[in-house]
Amino acid sequence: MTNLRLYFLGLPRVERDGQIVDLTSAKAIALLAYLALNRAAQPRDRLLALLWSESAEEAARKNLRNT
């Protein structure tokens, strides 16, 4: 079983099985934090509105897939 630790106070840090996971994108960190705190499934439209509200829908969906 994978051991995942998330630290969001101070500099964000993610550890998987004791190894630091390199997340350099602020949006990736924000997405991970949001999903970790809201454990229920989240609709894609809500995530798009939260993280890419300034983008066209097609671009926002691509960004979510890539993130």
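This is a predicted model: local features need pLDDT of at least 70, side-chain atom pairs count only at pLDDT 80 or more; totals for chains, interfaces and linings use all residues.

Reader: Fine. So what order do the strands of the sheet have?
Author: The order is E1-E2-E3, in an open sheet of three strands with antiparallel pairing. E1 and E3 are at the edges with a single partner strand each, so one side of each has no neighbour in the sheet. On average, neighbouring strands are turned by 30° against each other, ignoring direction.

Reader: How many bridges join E1 to E2?
Author: Four, between residues 4-7 of E1 and residues 13-16 of E2. Arg 5, for instance, has Glu 15 as its bridge partner in E2, and Leu 6 stands opposite Val 14.

Reader: And E2 to E3, how many there?
Author: Three bridges, with E3 covering residues 19-21. Val 14 turns up again here: its bridge partner in E3 is Val 21.

Reader: What about the turns? Which residue has a positive phi in the E1 and E2 hairpin?
Author: That's Gly 10, at about 75°, in a hairpin with five residues between the strands. The hairpin of E2 and E3 has two residues between its strands, and Asp 17 in that turn has a positive phi of about 50°.

Reader: Switching to side chains: what lies over the face of Tyr 7?
Author: Arg 13 does, at 4.1 Å from the ring centre.

Reader: OK, zooming out. How do the elements run from the N terminus on?
Author: They go β-β-β-α-α-α, which is three helices and three strands for the protein. The C-alpha atoms fill a box of roughly 40 × 25 × 20 Å along the principal axes.

Reader: Now the helices. At what angle do H2 and H3 pack?
Author: About 100°, with the axes 10 Å apart; H2 is residues 44-51 and H3 is residues 57-66. Angles of 65 to 115 degrees count as roughly perpendicular, so that is what H2 is to H3.

Reader: Which residues make the contact?
Author: From H2 it's Arg 44, Asp 45, Leu 47 and Leu 48, and from H3 it's Ala 60, Arg 61 and Leu 64.

Terms used. Residues are numbered from 1 along each chain as its sequence is written. Side-chain values use heavy atoms; hydrogens and water are left out. Axes are lines fitted to C-alpha atoms, for helices over the stretch in contact, and angles run from 0 to 180 degrees between N-to-C directions. Angles under 35 degrees count as roughly parallel, over 145 as roughly antiparallel, 65 to 115 as roughly perpendicular and the rest as oblique. Contact means heavy atoms within 4.5 Å. A charge sits over a ring if NZ of Lys or CZ of Arg is within 6 Å of the ring centre and within 35 degrees of the ring normal. Two strands pair if DSSP finds at least two bridges between them.
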